[in-house]
Amino acid sequence: MISKLEVCIDSISGLEACIKGKADRIELCSSLECGGLTPSDELMKLASEANIPSRVMIRSKKGSFVYSPEDLNQMFDDIDKARSYNLDGVVFGATLLNGELDQVFLDELISHSYGFKKTLHRAVDTIPNTIEAVEVAINLGFDTILSSGGFQSAVEGLAVLKAMKKRASGRIEIMPGSGINLQNIVEILSDCDFAWLHSSCSILRQGNKITDTQTIKDIKNAINL
C-alpha cells in the first residue's frame, strides 16, 4: 500500500509549497505554533482554487479543548464558511473537564458538518484512553483520527497507533501525526501500513518555521519507495 501525505499549513506560502510539492491533502489552519486554529477566509478561498483536497481546522481558541456554548456557535459559523468555499472536510475535537471526549459537543459539530469529511484531531491525544476513542469516533461519524498515540510524537506513540489501527479494523482511518519527518517516515511505515500520514513538512528559515516544497517532495518520495 502506498501511503498519502496530508500537510498542515497556516499561510499562503505554505499553500503554494503544497501545490508545488504535490501534497495529497492539506489541513488548513492559522497559528500552527498553537497547534492550529481556524484559518482565515483568504486562505480558505485560495485553497478552494487549488487542485488539492483541503480539510479546515475548526478551532476557535488556543489552549484546552473544553468549549463553551459561545464557542460552539463560532465553530458552526466557521464550518459554514468552509462550506461556502466548497472545501473537502473539517477537523475538530472537544473534551470535557474530566479529560474524556465531549461526545455531546462533538455530535453537535458532526450534525452541522453534513456533506463534509471529518477528522477528529489531536484532542484525542489528551484523553486517558486513546485506543478506546476509536470506537467513540466511529460512532460519532468521523472518517479519520489524527493522533500521535497519546505521546508527544507519532514515533513515540507508534505502538498505540498500531493498536488503534487494529481496533479500527478498516472502519476509520488512523492518521499518524506530530513530529513526522524525512528521518523517521521509513521507520513508521516499515512498522505498520498507514494509508495517510500527517506532517508540517517544515524547515527553519531565519528563525521561522516554514512549509518547504522540497521536504514535501522528499517525504512523498520516501513514502513511495
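**Pocket lining and a helix pair**

Student: How do the residues lining the largest pocket divide by class?
Tutor: In this predicted model, the lining of the largest pocket has 14 nonpolar, 16 polar and seven charged residues.

Student: And what volume does that pocket have?
Tutor: The largest pocket comes to about 930 Å³.

Student: OK, which elements give two or more residues to the lining?
Tutor: Strands S1 (4-9), S8 (196-199), S9 (202-205) and S10 (208-211), plus helix H8. The largest share is from S10, with three residues.

Student: Switching to helices. At what angle do H1 and H8 pack?
Tutor: H1 (residues 12-21) and H8 (residues 213-224) pack at about 40°, and their axes are 8 Å apart. Angles under 35 degrees would count as roughly parallel, so this pair is oblique.

Student: Left-handed or right-handed crossing?
Tutor: Right-handed, as H1 passes H8.

Student: Which residues meet there?
Tutor: From H1 you've got Ala17, Cys18, Lys20 and Gly21; on the H8 side they meet Thr213, Ile216, Lys217 and Lys220.

Student: How does that contact split by class?
Tutor: The H1 contact with H8 has three nonpolar, two polar and three charged residues.

Definitions and conventions
Residues are numbered from 1 along each chain as its sequence is written. This is a predicted model: local features need pLDDT of at least 70, side-chain atom pairs count only at pLDDT 80 or more; totals for chains, interfaces and linings use all residues. Side-chain values use heavy atoms; hydrogens and water are left out. Axes are lines fitted to C-alpha atoms, for helices over the stretch in contact, and angles run from 0 to 180 degrees between N-to-C directions. Helices (H or I, at least four residues) and strands (E, at least two) are DSSP runs, numbered from the N terminus. Angles under 35 degrees count as roughly parallel, over 145 as roughly antiparallel, 65 to 115 as roughly perpendicular and the rest as oblique. A crossing is left-handed if the near helix is turned anticlockwise from the far one by less than a right angle, and right-handed if clockwise. Contact means heavy atoms within 4.5 Å. Ala, Val, Leu, Ile, Met, Phe, Trp, Tyr, Cys and Pro count as nonpolar, Asp, Glu, Lys and Arg as charged, and the others, Gly among them, as polar. On a 1 Å grid over the protein atoms alone, a cavity is a set of points where a 1.4 Å probe fits but cannot get out, and a pocket is an open set with protein on both sides within 12 Å along at least five of seven lines; lining residues have an atom within 4 Å of a point. Grid points are joined across faces, edges and corners, and a volume is the space filled by probe spheres set on the points.
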